[in-house]
Amino acid sequence: MATVYRKRVPAACEAACALRKEILDALEQRGWVQDEEDRFAFWMTLEEALANAVKHGCHGDASRSVEVELEEMDDRVRIIVRDFGPGFDPDQVTMPDCRRVDGRGVCLIRHYMDRLVYDREQGGLVMERLRRQPRETSRDRGNTP
Amino acid sequence: MSVQVLFNTSGTILTGTVLEADMLDDRNIRDFSDGVMACLRSCPQPHVLLNFERVRFMSSAVISELLRVNEFCRERGGELRLCGINRHIYEVFRITQLDRLFSVLPEEPVEKALQRFERSLTLRREAETWDASTSRDHDD
């Protein structure tokens, strides 16, 4: 895996949103966003992972930091979110039923990523998405004149 | 990015359209929630249709707010429905199994959702009238 991006920001909502946009732009420039489906998957993953890091890892304390690193291999991109807190096991988080208001973020990340673990060595939440095959469009199928 | 919710009344249904935000996230969730609740607090029985046709992205924090608004409406004998949900956001509702709770359809235009909502309220009122009249007949 080669690191292609790394940035640390204060653990605050505005800074995290700006960071999310910057990472999405980087993913797009590096060819990981082929279509709206990819864009939505990365947007949701980054939004939920950063919100978790700010709220739960750093308890909304803007004097603390959140760091995001992007690593690439041929067929996959890895996003590591570090909040320098105690960490958590995402496998222990299950989808709540509709009576519970909170707790869906980690389950959504699990749906959009191909791998989700908390890596003690990396010191952060590690999320990987495999490169999707280019999707066939109606133009490819010859349906468009 | 700030967010506004513009409300219109059609019969007994309050329709709120989310404006000026293509993404609802941690930054504007409070604006969204305050805008919706400010309007609903004045309704004795809120039947509410929220239109998200201009929203491309929606985080789980927004879903949490929708669950709170839904609870507020139900406690007062009303109902919350959603429309204009794009297929990506619809997928989020499906994954979280909240598509059942909100009776949401992908990319349903506000006009159709409003008609569907009005029909369901009419049927409910007719059923209540019917129940009331049959219980009167039994009493007689």
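Which elements do the buried residues of α3(B) pack against? The structure is a predicted model, in which local features need pLDDT of at least 70, side-chain atom pairs count only at pLDDT 80 or more, and totals for chains, interfaces and linings use all residues. Residues are numbered from 1 along each chain as its sequence is written, chains are lettered from A and ligands numbered from 1 in the order in which they are written, and side-chain values use heavy atoms, with hydrogens and water left out.

The buried residues of α3(B) pack against α2 and α3 (105–112) of chain A, and against β5, α2, β6 (79–83) and α4 (99–102) of chain B. Contact here means heavy atoms within 4.5 Å. Helices (H or I, at least four residues) and strands (E, at least two) are DSSP runs, numbered from the N terminus. Buried means under 20% relative accessible area, exposed over 50%, and partly exposed in between (1.4 Å probe, protein chains only). The buried residues of α3(B) are His88(B), Ile89(B), Tyr90(B), Val92(B), Phe93(B) and Ile95(B). Asn86(B) caps the N-terminal end of this helix, with a side-chain oxygen 3.0 Å from the backbone nitrogen of His88(B). Gln97(B) follows α3(B) and has a positive phi, near 60 degrees.

Phe93(B) also belongs to a core. A nonpolar core is a set of buried Ala, Val, Leu, Ile, Met, Phe, Trp, Tyr and Cys residues joined through side-chain atoms within 4.5 Å. The largest one has 76 residues, and Phe32(B), Leu50(B), Phe52(B), Leu66(B), Leu82(B) and Phe93(B) have the most contacts inside it. Helix α2 (residues 36–57) of chain A gives the most to this core, with 10 residues. Another core, of eight residues, lies apart from it and includes Ile13(B), Leu49(B), Cys83(B) and Phe117(B). In soluble globular proteins, nonpolar side chains tend to be buried together.

The two chains meet through 23 residues of chain B and 24 residues of chain A. Together they bury about 2100 Å², 65% of it on carbon and sulfur atoms. Buried area is the accessible area (1.4 Å probe) that two parts lose on being put together, summed over both. One salt bridge is found across the interface of chain B and chain A. A salt bridge is a side-chain nitrogen of Lys or Arg within 4 Å of a carboxyl oxygen of Asp or Glu. The partners are Glu36(A) and Arg56(B), at 3.3 Å, N to O. On the side of chain B that touches chain A, α2(B) gives the largest share, six residues.

Over all chains, the structure holds 24 salt bridges. Asp38(A) and Arg129(A) form one of them, at 2.7 Å, N to O. Asp38(A) lies in helix α2 of chain A and Arg129(A) in strand β5 (residues 124–130) of chain A, so the pair ties together parts that are 91 residues apart in sequence. Asp38(A) is buried, with a relative accessible area of 2%. Arg129(A) is buried too, at 5%. Arg82(A) forms a salt bridge with Glu67(A), their closest N and O atoms being 2.7 Å apart. This pair links strand β3 (residues 76–82) and strand β2 (residues 65–72) of chain A. Both Arg82(A) and Glu67(A) are buried.

Glu128(A) and Arg115(A) meet in a salt bridge of 3.0 Å, N to O. Glu128(A) is buried, with a relative accessible area of 4%, whereas Arg115(A) is partly exposed at 35%. Salt bridges that share partners join Glu71(A), Asp75(A), Arg76(A), Arg78(A), Arg115(A) and Glu128(A) into one network.

Methods. Polar contact = N/O pair within 3.5 Å; in protein donor to acceptor, adjacent residues only side chain to side chain.
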